[in-house]
Amino acid sequence: MNNPQFTHSESPYPPKKRLSLCFFTVALLYHEALLRLFDNTIPFFSISLLYTVLFAIVLGAAVTLLLHLVRPDKLRAVLSYVVCFAWTVLLCVEYCCKSYFKSYFGLGYMANMAGQVMSDFAATAVEVVLDRLPFIGLSLIPLVCLIIFRRYLLPKNSLSKAAGITLLVTLVLAQVLGSFFCYAGRQKDVYTYNYTPDRAVAMVGLSGTVRLEVQYALFGIPEAPLDDISEGIDIDAVDHPTLEKYEYNKMDIDFVALNEGASSTTISLNHYFGSKVATQQNEYTGLFEGKNLILITAEAFSPYVISEELTPTLYRLTHEGFVFNNFYQPGWGQSTTGGEFAVMTGLIPTWVNNNLSFYVSHRDYMPLALGNQFRALGYNTFAYHNNSYTYYNRHLTHPNLGYDYYGVGNGLLVTGGGEWPYSDEEMVMNTVDDYITAYVEDGTPFHAYYMTVSGHANWGWGNAMSAKHREEAVAAYPDASQPVQGYIAANLEVEYALRYLVERLEEAGIADDTVICMSADHYPYALVTEEVDYYCELSGINDTENDISRYKNTLLLWCGDMETPVVVNTPCSTIDIVPTLSNLFGLEYDSRLLSGRDVFSMNYSATYPTTSMPLVILPTPVGNSWITPAGTYEAATRTFTPNPGVAVNDSYVDTVTAIIDAKYAYARAIIQHDYYRLALNGPEALPPVEEEIMAEEQVEEIPEPTQQESPWF
């Protein structure tokens with residue numbers, strides 16, 4: 001009875017000191033609960049809560065075990081503080097990203113962008129942090145407890161065999177259960193081949209996401225099971241009207257021959273694209289053949305800015321040309337760069353091995369991008385952005401898409417008085433002669449691309465463009481809140497840029513020879529704050545980011561020689577821009593190799609789901625909502641509402657879901673495996689080289705802005 005091995009005083013872990021064994025696990029569980037409480041896009045009580053708890057236990061037990069291996073005691077104590085502090089910082093950064101940019105970001109991506117944030121986005125970063133002090137204060141509680149009660153909470157210098165085995169068994173059991181549930185659940189793809197940090201945090205919590213991030217950084221994201229994904233799709237079924245007088249928009253590709261010596265992944269790609277139904281040409285094919293094209297991606301643009309009185313040019317261009325009544329700008333979870341990628345390539349923006357598909361594409365062969373298509377026809381092709389030319393690595397991506405690219409720092413002259421953001425109107429004024437002059441003098445056609453910045457958040461009166469047009473916006477909307485007034489004021493700069501552009505085209509007598517197309521990169525989600533959703537005020541619709549209506553936008557498509565407007569009711573989105581313009585300009589392209597489709601193609605049936613039908617994919621925090629000619633599916637309620645007079649079979653929703661999964665998987669695979677190079681007989685890929693950021697034409701007159709574009713916006 002007196003054996004000292006079993007006396008309370010001799011136990012290596014008396015009751016109070018055993019707290020150190022569970023501190024990190026409890027701290028992680030607390031932080032996960034805090035994140036779910038503050039993130040209103042994640043239902044607190046759902047099946048994902050179970051996954052989150054299990055993976056928090058895994059990480060907590062693992063950290064505790066590893067810290068007990070550290071010697072000496074002082075180093076272990078220091079590391080314990082460092083781990084707790086670092087995790088708290090990560091938690092707060094992720095919450096700030098989610099609440100402001102509407103997306104969680106991966107560790108690698110944030111590390112790569114940290115320099116730009118600190119050097120060019122410091123002012124707004126401070127503002128973002130100050131607005132989120134309640135969350136930050138609550139997140140510090142575990143660290144404060146560790147400091148105050150360090151005697152009980154710091155890991156001790158010895159770990160009994162029983163305690164070690166208990167922690168290890170707990171870790172393994174929680175990991176096995178968590179992985180089993182994730183692999184067996186309906187969102188298995190989020191845990192594996194469709195992993196993105198934003199979706200993963202909602203499913204497995206921040207603890208599980210960090211583990212997946214490290215795992216996939218070391219070993220790569222699992223290859224998508226392409227054959228399994230497309231198994232539920234009757235790809236080559238043609239149960240729709242066939243318009244015999246029209247050809248198909250496809251190229252002469254022998255997909256069977258491409259299988260020779262190919263990998264299993266390439267064979268799957270060949271089978272999928274070779275089996276797809278191409279979109280048919282139509283009455284609008286070649287309507288704009290030989291004309292010039294000006295394509296614009298407007299920063300955070302919204303259709304609710306347009307009014308006949310305040311924005312007459314925008315009103316004219318959206319009502320005289322093609323009028324799109326069912327156009328949507330999806331929230332791809334990648335902010336500006338995702339929206340821009342969709343506009344410029346016709347592909348769904350994805351993540352490839354924890355990096356943006358747009359960035360990865362800069363070493364791919366991209367012949368279907370409009371810049372490359374028009375350049376091959378002898379057009380002058382230019383791309384412009386009135387902010388730092390290296391943001392989002394545009395100096396790498398845009399030349400690869402076929403453009404002579406100019407931004408602030410490599411040839412685009414802007415003044416702006418050193419205030420943020422720069423003027424869209426000035427960008428157009430300083431570049432329009434680059435292409436108009438050559439066309440007027442020697443008939444060289446042109447394709448110009450603009451990525452604007454004047455509509456960039458935040459929209460307080462300190463915003464240079466909001467301040468510039470403050471008087472007009474306040475006079476037009478005297479009863480609106482300041483954020484809404486500031487947003488409208490900033491977007492008046494797009495109006496004036498377009499007004500100047502149209503005036504110059506008409507003065508040169510080439511408006512009839514020129515097409516202007518404009519869409520947004522994303523809706524102005526910075527109007528959604530912690531306290532108020534100002535976008536509801538702007539739109540007049542009481543909705544949230546979980547609702548389809550939130551992503552309704554406008555597509556401007558105009559040419560000076562269009563005598564009467566053409567109303568388009570077909571549901572469409574930004575990934576449809578490249579194939580639609582390719583068809584309108586009579587370009588040779590293969591519609592099977594794009595995520596989007598030509599809006600005017602009619603070879604589909606409203607009641608039968610195929611890969612060639614109109615399909616708007618709308619990623620939301622609760623899953624993919626979508627729109628087809630048959631109706632709408634709201635992910636928030638998991639309900640499908642058919643259009644009047646349309647009846648579909650019981651498998652319709654499942655089939656469309658399978659089509660969407662396939663579109664994502666194959667869009668990623670195209671970029672990841674440089675598939676266009678193989679399928680379209682592209683040149684041999686260049687060997688990897690260390691990339692250097694160089695300004696070819698550094699303009700000394702450019703003032704340093706006081707605040708620059710967010711690399712995550």
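Student: Axes are lines fitted to C-alpha atoms, for helices over the stretch in contact, and angles run from 0 to 180 degrees between N-to-C directions. With that in mind, which strands does helix 14 lie across?

Tutor: Please note that this is a predicted model. Helix 14, residues 312-320, lies across strand 2 (322-324), strand 9 and strand 10. Its direction is at about 80° to that of strand 10.

Student: In what order do the strands of the open sheet of 8 strands come?

Tutor: The order is 7-6-8-1-9-10-2-11, and the pairing is mixed. Strand 7 (404-408) and strand 11 stand at the edges with a single partner strand each, so one side of each has no neighbour in the sheet. On average, neighbouring strands of this sheet are turned by 15° against each other, direction ignored.

Student: How many bridges join strand 1 to strand 9?

Tutor: There are 7 bridges between strand 1 and strand 9, and the two strands run parallel.

Student: Which residue in strand 9 is the bridge partner of Ala-298?

Tutor: The partner of Ala-298 is Ala-520 in strand 9.

Student: Let me step back. How many helices and strands does the protein have?

Tutor: The protein has 27 helices and 16 strands. It is made up of 713 residues, and 58% of them are buried.

Student: On to the open sheet of 4 strands: what is its order?

Tutor: Its order is 13-14-15-16, with antiparallel pairing. Strand 13 (616-620) and strand 16 (639-642) are the edge strands, and each of them pairs on one side only. Neighbouring strands here are turned by 15° against each other on average, again with direction ignored.

Student: Over how many bridges do strand 15 and strand 16 pair?

Tutor: Strand 15, residues 631-634, pairs with strand 16 over 4 bridges in the antiparallel sense. For example, Glu-634 has Thr-639 in strand 16 as its bridge partner.

Student: Which helix packs on that sheet?

Tutor: Helix 26, residues 652-672, packs on the sheet and touches strand 13, strand 14 (623-628), strand 15 and strand 16. The direction of helix 26 makes about 110° with that of strand 14.

Student: New topic. How many salt bridges are there?

Tutor: The count comes to 15 salt bridges. In general, side chains of opposite charge can pair when their charged atoms come close.

Student: What does Lys-291 form a salt bridge with?

Tutor: The partner of Lys-291 is Asp-561, and their closest N and O atoms are 2.9 Å apart. Lys-291 lies in the loop between helix 13 (264-275) and strand 1 (292-298), and Asp-561 in the loop between strand 10 (556-559) and strand 11 (566-568), so the pair ties together parts that are 270 residues apart in sequence.

Student: Is Lys-291 buried or exposed?

Tutor: Lys-291 has a relative accessible area of 13%. Buried means under 20%, so Lys-291 is buried. Asp-561, at 35% relative accessibility, counts as partly exposed.

Student: Last topic, the surface. Which residues form the nonpolar patch with about 430 Å² of accessible area?

Tutor: That patch consists of Leu-140, Val-144, Ile-147, Ile-148 and Phe-149, and the area stated is for these residues together.

Student: Where is Phe-149 found?

Tutor: Phe-149 is in the loop between helix 7 (141-148) and helix 8 (150-153). Its relative accessibility is 44%, so Phe-149 counts as partly exposed.

Key:
Residues numbered from 1 in each chain as written. Predicted model: local features only at pLDDT ≥ 70, side-chain atom pairs only at ≥ 80, totals over all residues. Heavy atoms only, no water. Patch = residues over 30% accessible without salt bridge, like charges linked within 9 Å, V, L, I, M, F, W, Y side chains within 5 Å. Areas by Shrake-Rupley, 256 points an atom, 1.4 Å probe, with all protein chains shown as cover. Salt bridge = Lys/Arg side-chain N within 4 Å of Asp/Glu carboxyl O. Buried < 20%, exposed > 50% of the residue type's maximum accessible area, 1.4 Å probe, protein only. Pairing = 2+ DSSP bridges. Contact = heavy atoms within 4.5 Å.
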